[in-house]
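Let's take a friendly walk through this structure together.

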Amino acid sequence: MAQGSDERAHETAEAVARQSYGKLVAFLAARTGDVAGAEDALSEAFASALSEWPEGGVPRNPEAWLMTVARNKLVDAARRRRGSARAAGHLRLMADELAASREIGAYIPDDRLRLMFACAHPAIDPGVRAALILQTVLGFDASTIASAFLLSPPAMSQRLVRAKSKIRQAGIPFRVPEREELLERLDSVLEAIYAVFSEGWSDPAGTELRHRNLAEEGIWLGRLVVSLLPEEPEALGLLALMLHAQARRDARRDAQGEYVPLAEQDASLWDAALIEEAEALLFRAGALGAPGRYQLEAAVQSAHAVRRISGRSDWLAIERIYVSLSALIDSPVVTINRARAVAGPRGPAAGLALLDSLALDAELGQYQSYWAARAALLTRIGRIGAADQAYEMAIGLEPDPAVRRFLQRRRADAAGRT
C-alpha cells in the first residue's frame, strides 16, 4: 500500500465528512426514521472507506459509495436486532424506502432542513434541540457540544441518546412543518445555527482542535434555510447578522494576533461585499413586516457598519434598537449591550446606571461582558479603584488569551491615570 494512496483516501474521507455528513445522515434517517441508526451506519461506512480505499482506490463518487455501504449496513443491523418473523414488516418497509433511493442514482437529495425540523419537534426536550441539530447535521461529538452548552460530556451524551430514541419511538416525521407549526420550530433551528456560528466566531484564529471553520458552517446552514424558506424574516435576519459579524473577521486581530475591539477596528478591513449582502437581506426581512430578535441584532450591526462611510457608529439608532430588543428578550446580555450603547451619546454615568439595574441578578457575576463594560465605564468617570476590581473579574472570566491580554493592558492604562 503506497503512502500517497493512503493519504489521499484519508483526505477524501475527511472532505466528504465535512461537506456531506449531515446530508447523508438526513437522507438515511428521513427514510428509516432512525437517526442513531443512520449515524451508526454512516460511521461504519466511513470505517470501510478508510480500510478499502487505500488498496482499491478512491471511487469516482465517494459520497454515493458511502451512501450505498451505509444503506446496506442499516439493513444488516435491522436483521441482527430482530428475529426474522418479527422483523419482516420493518425490513420490508426499510427495503422499499431504500430501494426507492437507489433509483436516484448518484444524486442524493438534500434533506438537512427536514432533519433539522425533526430535531426541533415539540416532542423533543427544548433544552436539547439545538445540540441535537449540531450533532446530526454537522457531526459534532458529544464532548464538543457539551463544552458549548456548559454540560458534562456524559450528561450531554445521555440527552442526545434520549432525543434520538424519542424521534424513532414517537415516529416524528421528517418534513418541513405547516405554516401554523413553522414559526415555533423555526426558532429552535435558528438557535442551533447561531450556536454553530458563535462557536466559530469565538475562535477567530482557528486554534480549536475541531479543525473546522464553524463560523462559515453556520453561515452555510443559514443560507440553506433562507434558500428553502425565502419569505421567513427571522431566517433572513439571522443570515444578515452572521454576515455582518463575519465581515469584520479580519479586523478583529492585528498583525501580531492581538484583539482589536469593534470601536478601534480599521473599517477599511471590513468585507464590503458581505456587508452589502447583509444589508440587502435585512431590507428584505424588514419589508415582510414581522420584526424579531435576529433582525434587531442585525440592525445593531448595520448601525455599526455605517462607520465605513460616516466615520462613526450611529449610537442613537443603536440605543433605540436595544430598547426594542429589550422588549422582546429579557436578557442581561441585552441590557449590558444597551448600557454600552447609551454611554456613547449620553456618557458613562448613564451606562453605569443601566448596569446598576442588573445588580440583583444572581448570575451576573459570571458574565465577562458585564465586568468588562463596567470596568470601561468606571474608568471613564475616574473611579479607578472600582474599575480595577471590575477588570480583575473580567480577566478571570475571559477564556480567550488575546482578549485577556487586551483587558490587562486596559487595566494597566487605567491604573496609570491615578
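Helices α5 and α10 are roughly perpendicular to each other, because their axes cross at roughly 100° and angles from 65 to 115 degrees count as roughly perpendicular. The model you are looking at is a predicted one. To find this pair, look for α5 at residues 112–119 and α10 at residues 214–228. Their axes come within 10 Å. On the α5 side, the contact is made by Arg-112, Leu-113 and Met-116. On the α10 side, the partners are Trp-220, Leu-221, Leu-224, Val-225 and Leu-228.

Leu-236 belongs to helix α11, which covers residues 233–247. Is Leu-236 buried or exposed? Its relative accessibility is 1%, so Leu-236 counts as buried. Setting aside neighbours within four places in sequence, Leu-236 touches Val-226, Pro-230, Leu-281, Arg-284, Ala-285 and Leu-288.

Ser-198 has a relative accessibility of 29%, so Ser-198 counts as partly exposed.

Now turn to another pair of helices, α15 (residues 315–328) and α16 (residues 332–346). How do their axes cross? They come within 8 Å and cross at roughly 155°. Angles over 145 degrees count as roughly antiparallel, which means that α15 is roughly antiparallel to α16. The crossing of these two helices is left-handed. From α15, the residues that meet α16 include Trp-315, Leu-316, Ile-318, Tyr-322 and Val-323. Among those that α16 brings to the contact are Val-334, Asn-337, Arg-338, Ala-341 and Pro-345.

The C-alpha atoms of Val-323 and Thr-335 are separated by 8.8 Å, and the two residues are twelve apart along the chain.

Next, visit Gln-135 in helix α6, which runs over residues 126–138. With a relative accessibility of 11%, Gln-135 falls under the 20% cut-off and therefore counts as buried. Which residues does Gln-135 contact, leaving aside neighbours within four places in sequence? They are Tyr-21, Glu-39, Phe-140, Asp-141, Ala-142, Ile-145, Leu-160 and Lys-164. Gln-135 and Gly-22 are 113 residues apart along the chain, while their C-alpha atoms are separated by 8.6 Å.

Finally, step back to take in the whole chain. Its secondary structure consists of 20 helices and zero strands. Of its 418 residues, 50% count as buried. Take the contacts between residues at least 6 apart in sequence: 65% of them join residues at least 24 apart. The chain exposes about 20300 Å², and carbon and sulfur atoms supply 51% of that area.

How confident is the predictor? The pLDDT averages 84 over the chain, and 88% of the residues score at least 70. Over residues 206–212, however, the pLDDT is below 50, and this stretch has seven contacts in the model beyond near neighbours in sequence.

Terms used:
Residues numbered from 1 in each chain as written. Predicted model: local features only at pLDDT ≥ 70, side-chain atom pairs only at ≥ 80, totals over all residues. Heavy atoms only, no water. Helix = DSSP H or I, 4+ residues; strand = E, 2+ residues; numbered from the N terminus. Buried < 20%, exposed > 50% of the residue type's maximum accessible area, 1.4 Å probe, protein only. Contact = heavy atoms within 4.5 Å. Areas by Shrake-Rupley, 256 points an atom, 1.4 Å probe, with all protein chains shown as cover. pLDDT = per-residue confidence, 0-100. Axes fitted to C-alpha atoms, helices over the stretch in contact; angles between N-to-C directions. Parallel < 35°, antiparallel > 145°, perpendicular 65-115°, else oblique. Left-handed = near helix turned anticlockwise from the far one by under 90°.
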